[in-house]
Amino acid sequence: MPEPVIFYTNPMSRGQIVRWALEESGAAYETVIVEYGAEMKSPDYLAINPMGKVPALRHGERTVTECAAICAYLADAFPEAGLAPTADECAAYYRWLFFAAGPLEQAVTAQAMGWTTEEDRSAMLGFGTYDNTVDAVAALLGASDYVCGDRFTMADVYVGSHIEWGLGFSTLPKRPAFEAYVGRIAARETHKRARAIDAALIAEREAAEA
Ligand SMILES: N[C@@H](CCC(=O)N[C@@H](CS)C(=O)NCC(=O)O)C(=O)O
């Protein structure tokens, strides 16, 4: 019998990335909604994610947190989906997965929060500058359809979600390479299904609050 997969999330959260990863993986999973505030900071939930944040995943006795790690974990745990990297793809796959979770997220956050740094101190920042970070990702996506070349992998779920949200929230510039990439990934049935599940959960909650 397969080990149960439990997905802790809130529909209005980065959990949407993991929902898409789960739909891509083909894994059967149970969703547990965790409310912001007291429930997310309760001892029971802190035992799952000591950060008191969603998403989190339990697979049998194993726990994984951090969207990027969960994406990579699911690709490995459900290899039949064919979304883990081949030996040749590993370099690009891990490079850009980590780049999106580190420098890209930091650069976008710093920009959105209006954090500024004197130019001569940018060498101390992992992302250097917002412009350099954005240019690096735009160069990647201008040169190939997907992170690992011409094949969609789980890295595209994570990198793609960053680009999609960046365009949606205007925290990333509307570069043609970004728009074309988001068009490709958002056309996937798994992407549409995942987003529809969270949209329905959000609508349900809004209706209940009205
Ligand atoms: N680095 C984490 C970020 C998770 C995160 O910040 N989640 C937000 C929702 S998008 C959250 O749970 N915030 C609630 C809180 O911090 O109280 C990841 O990638 O999974």
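The centres of domain 1 and domain 2, taken over C-alpha atoms, are separated by 22 Å. The model is a predicted one: local features need pLDDT of at least 70, side-chain atom pairs count only at pLDDT 80 or more, and totals for chains, interfaces and linings use all residues. Residues are numbered from 1 along each chain as its sequence is written.

**Domains and their contact**

- The domain assignment of the chain gives domain 1 as residues 5-82 and domain 2 as residues 90-190; such bounds come from an automatic or database domain assignment.
- Domain 1 puts 11 residues into the contact and domain 2 puts in eight residues, where two residues are in contact if their C-beta atoms, placed from the backbone, lie within 7 Å.
- On the side of domain 1 that touches domain 2, H1 and H3 each supply at least two residues. Helices (H or I, at least four residues) and strands (E, at least two) are DSSP runs, numbered from the N terminus.
- H3 gives six residues to that side of domain 1, the largest share.
- The residues on that side of domain 1 divide into nine nonpolar, no polar and two charged. Ala, Val, Leu, Ile, Met, Phe, Trp, Tyr, Cys and Pro count as nonpolar, Asp, Glu, Lys and Arg as charged, and the others, Gly among them, as polar.

**The nonpolar core**

- The largest nonpolar core has 53 residues. A nonpolar core is a set of buried Ala, Val, Leu, Ile, Met, Phe, Trp, Tyr and Cys residues joined through C-beta atoms within 7 Å.
- A residue is buried if 20 or more other C-beta atoms lie within 10 Å of its own, exposed if 12 or fewer, and partly exposed in between, with C-beta atoms placed from the backbone.
- The residues with the most contacts inside this core are Ala-21, Cys-71, Leu-74, Leu-97, Met-154, Ala-155 and Tyr-158.
- At least two core residues come from each of strand S1 (5-9), H1, strand S3 (56-59), H3, helix H4 (90-113), helix H5 (130-143), helix H6 (154-168) and helix H7 (176-186).
- Because domain 1 and domain 2 both give residues to this core, it lies between them.
- Not counting residues up to four places away in sequence, Leu-97 touches Ala-68, Ala-72, Ala-155, Tyr-158 and Val-159.

**Helices H1 and H3**

- Two packed helices are described by the angle between their axes and the distance between the axes.
- Helix H1 (residues 15-25) packs with helix H3 (residues 67-77) at an angle of about 5°, and their axes are 10 Å apart. Axes are lines fitted to C-alpha atoms, for helices over the stretch in contact, and angles run from 0 to 180 degrees between N-to-C directions.
- H1 and H3 are therefore roughly parallel to each other; angles under 35 degrees count as roughly parallel, over 145 as roughly antiparallel, 65 to 115 as roughly perpendicular and the rest as oblique.
- H1 makes this contact through Ile-17, Val-18, Ala-21, Leu-22 and Ser-25, and H3 through Cys-67, Ile-70, Cys-71 and Leu-74.
- Eight of the residues in the contact of H1 with H3 are nonpolar, one is polar and none is charged.
- H3 is mostly covered, with eight of its 11 residues buried. These buried residues are Cys-67, Ala-68, Ile-70, Cys-71, Ala-72, Tyr-73, Leu-74 and Ala-75.
- The buried residues of H3 pack against H1, S3, strand S4 (62-65), H4 and H6.

**Backbone details in loops**

- Val-54 and Pro-55 are joined by a cis peptide bond, with omega about 5°. Pro-55 lies in the loop between helix H2 (43-46) and S3.
- Glu-66, in the loop between S4 and H3, has a phi near 75°, a positive value in a residue other than glycine. Glu-66 counts as partly exposed because it has 18 C-beta neighbours inside 10 Å.
- Ser-170, in the loop between H6 and H7, is not a glycine but has a positive phi of about 55°. Ser-170 has 9 C-beta neighbours inside 10 Å and so counts as exposed.

**A residue of H7**

- Val-182 is found in helix H7 and is buried, with 22 other C-beta atoms within 10 Å.
- Leaving aside neighbours within four places in sequence, Val-182 is in contact with Gly-160, Ile-163, Glu-164 and Leu-167.
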